[in-house]
Amino acid sequence: MKLRVSAVQYHLHTIQSFEEFAYQVEHYVKTAEEFGAEFIIFPEFFTTQLMSIGDYQGNALTIHDLPDFTDQYRSLFINLAIKSNTHIIAGTHVVRKDSKLYNVAHLFYPDGRVAEQAKLHLTPTEIEEWNMAPGEDLQVFETSKGTIAMLTCYDIEFPEIVRMARAKGANIIFCPSCTDDRHGFHRVRYTSHARAIENQIYVVNSGTVGSLPTVDFMRANFGQAAVITPNDIPFPPQGLLVEGEINQDMIVTTDLNLELLYQVRESGSVTTWRDRRTDLYPDWEAIKEIPTRL
């Protein structure tokens with residue numbers, strides 16, 4: 001089973017209308033479509049660009065205004081997913097539920113369905129400055145190309161949650177990310193490599209680049225999209241299928257071969273998933289791997 005993925009390095013800049021946002025999004029989707037992508041991933045918090053539109057007094061909108069764009073956001077990506085016949089992981093968008101704000105990753109299916117995964121681990125900025133609430137459950141999502149999970153940025157830094165996704169059958173973790181400096185970027189990148197090795201899975205990263213000078217906490221971005229593999233002989237030695245140019249407006253595309261994952265799990269140089277010592281860490285005995293190759 002093979003599939004083609006495109007990961008977007010989304011360029012944040014000040015805009016004047018939702019239509020400008022939609023035009024930029026459509027550009028990336030059409031580019032990925034031209035490359036034959038079956039899955040497209042946008043970064044975390046890329047819809048904060050809508051806050052730069054501002055109000056009638058010329059002031060930037062706040063994080064509490066962002067959920068007001070949810071209907072337009074969903075409509076845009078539903079139509080694009082159907083029209084392009086692709087699965088679109090449309091980064092994350094801030095939604096309001098029961099008066100609380102959540103940072104939610106969205107999966108738009110080619111048939112018009114929409115699935116959501118709220119970010120489970122929140123950074124201090126999300127909690128203290130934006131007063132967000134964490135998600136409470138982990139889901140995996142069935143697609144025509146197998147089972148995937150969506151874990152957002154900081155989530156990938158916690159090995160337990162990725163173990164759970166893998167145990168539920170996920171072969172690919174789509175990880176939309178937004179980091180403002182090298183330190184944050186490398187935390188996400190290095191732990192993505194660790195999670196791919198530990199669980200013998202693919203991890204697909206996307207990131208924000210550019211800046212929003214009028215939007216608090218979005219003035220700096222340091223980003224690079226990448227598709228990360230286990231470190232074993234069928235894969236590149238550095239566990240990296242493709243990566244973008246740091247901080248450039250671009251999209252990267254590559255093919256994922258799920259059969260290679262199955263091979264290394266069975267007879268790789270190391271078999272890290274199979275060799276877990278659940279006798280030493282019994283909490284994992286409660287998590288049973290789904291008995292399927294997908």
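Me: Which residues form one aromatic cluster here?
Reply: Rings of Phe, Tyr and Trp (its six-membered ring) pair if their centres lie within 6.5 Å. In this predicted model, one aromatic cluster is formed by Tyr-10, Phe-18, Phe-21, Tyr-28, Phe-42, Phe-46, Phe-69, Tyr-73, Phe-77 and Phe-108. Local features need pLDDT of at least 70 and side-chain atom pairs pLDDT 80 or more, while totals for chains, interfaces and linings use all residues. Residues are numbered from 1 along each chain as its sequence is written, and side-chain values use heavy atoms, leaving out hydrogens and water.

Me: How many aromatic pairs does a search of the whole structure find?
Reply: The search finds 20 aromatic pairs. Planes under 30 degrees apart count as stacked, over 60 as edge-to-face and the rest as tilted. Tyr-28 and Phe-42 are an edge-to-face pair, with 6.1 Å centre to centre and 80 degrees between the planes.

Me: Why does this pair tie together parts that are 14 residues apart in sequence?
Reply: Helices (H or I, at least four residues) and strands (E, at least two) are DSSP runs, numbered from the N terminus. Tyr-28 is in helix H1 (residues 18-34) and Phe-42 is in strand E2 (residues 39-42), so the pair links those parts.

Me: Is Tyr-28 buried or exposed?
Reply: Buried means under 20% relative accessible area, exposed over 50%, and partly exposed in between (1.4 Å probe, protein chains only). Tyr-28 is buried, as is Phe-42. Ala-194, in helix H5 (residues 182-199), is partly exposed at 22%.

Me: Which residue has its charged end over the ring of Trp-273?
Reply: A charge sits over a ring if NZ of Lys or CZ of Arg is within 6 Å of the ring centre and within 35 degrees of the ring normal. Arg-166 sits over Trp-273, 4.5 Å from the ring centre. Arg-113 lies over the face of Tyr-109, at 3.9 Å from the ring centre.
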